[in-house]
Amino acid sequence: MASSLLTRRRLHAIGLALILAPAIGIVVPAAAQEKAIAPEINPPGDIPDNQQFVTFEATQGAALKVPEGWARTDTKEGAIFTDKYGRIELTIRPSTSPLTIDILRAQQIADLENNGRAVKILRTEQVKLPAGSAMKVVYTSNSDPNPVTNRQIRLESERFYLSRNGKLAELTFSAPAGADNVDQWTLMSKSFRWK
């Protein structure tokens, strides 16, 4: 009973702190406070089995196959490809040390959980790709709100981290939770090459 009362008081104090945070100058990221959305029953977003792929060459020093016809947005660190709620993002940044599971958990995964939208990490593992050893993070999250409808959906994602010669590549595949893109994501992740 005393333990239950103590827990309720702690929860009340945490809730009060979150309410008062803006007034006392503490910034709590909105995405970190989001609740996970239930997955769609019949999710859109499967990449068709007959999808054609083209090779994208990033000026930052890498290349990979991406679905032909997807919208591309070039960024300072790579590119983003989108089609409805499907998304592929490649970023390449300078890196001063090789990536380990411990560093991944302490930095990249912590950043993903703190700044993502209701992120739930499902697993992390080391994998072998033709381009070399990679760290793979599988997770679910909420999508950004649709700019027209403000609607969000639950996404599933695979993110690969590869490092080489002072560069860290981050390759992320996202689609509505339950969409069947395993083969296509495997094809694209295995197509990644350093230039």
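Visitor: By about how many degrees does α3 bend at Ile109?
Guide: Helices (H or I, at least four residues) and strands (E, at least two) are DSSP runs numbered from the N terminus. The bend at a residue is the angle between an axis fitted to the seven residues ending there and one fitted to the seven starting there. For α3 at Ile109, that angle is about 30 degrees.

Visitor: What kind of model is this?
Guide: Residues are numbered from 1 along each chain as its sequence is written, and side-chain values use heavy atoms, without hydrogens or water. Local features need pLDDT of at least 70, side-chain atom pairs count only at pLDDT 80 or more, and totals for chains, interfaces and linings use all residues, since the model is predicted.

Visitor: How far apart are the end C-alpha atoms of helix α3?
Guide: The expected span of a helix is 1.5 Å times one less than its number of residues. Helix α3 (residues 101-115) has 15 residues, so it should span 21 Å. The model agrees with this, as the end C-alpha atoms are 20 Å apart.

Visitor: Which elements do the buried residues of α3 pack against?
Guide: Buried means under 20% relative accessible area, exposed means over 50%, and partly exposed lies in between (1.4 Å probe, protein chains only). In α3 the buried residues are Leu104, Gln108, Ile109 and Leu112. Contact means heavy atoms within 4.5 Å. These buried residues pack against β6 (120-129), β7 (132-142), β8 and β9.

Visitor: Is Ala118 buried or exposed?
Guide: Ala118 sits in the loop between α3 and β6. Its phi is near 50 degrees, a positive value in a residue other than glycine. Most residues other than glycine have a negative phi. With a relative accessibility of 14%, Ala118 counts as buried.

Visitor: What is the relative accessible area of Asn165?
Guide: Asn165 is in the loop between β8 and β9. Asn165 is not a glycine either, yet has a positive phi of about 45 degrees. It is exposed, because its relative accessible area is 70%.

Visitor: What is the angle between the planes of Phe160 and Phe173?
Guide: Rings of Phe, Tyr and Trp (its six-membered ring) pair if their centres lie within 6.5 Å; planes under 30 degrees apart are stacked, over 60 edge-to-face, and the rest tilted. This rule gives four aromatic pairs. One of them joins Phe160 and Phe173, edge-to-face, with 6.1 Å from centre to centre and planes at 75 degrees.

Visitor: How many residues apart are Phe160 and Phe173?
Guide: Both residues are buried. Phe160 is in strand β8 (residues 154-164) and Phe173 in strand β9 (residues 167-176), so the pair, by the definition of strands, links distant parts of the chain. The separation of Phe160 and Phe173 is 13 residues.

Visitor: Which elements give two or more residues to the lining of the largest pocket?
Guide: On a 1 Å grid over the protein atoms alone, a cavity is a set of points where a 1.4 Å probe fits but cannot get out, and a pocket is an open set with protein on both sides within 12 Å along at least five of seven lines; lining residues have an atom within 4 Å of a point. The largest pocket is lined by 39 residues, and Arg87, Glu89, Leu112, Tyr139 and Arg159 lie nearest its centre. Two or more lining residues come from each of β5 (86-94), α3, β7, β8 and β9.
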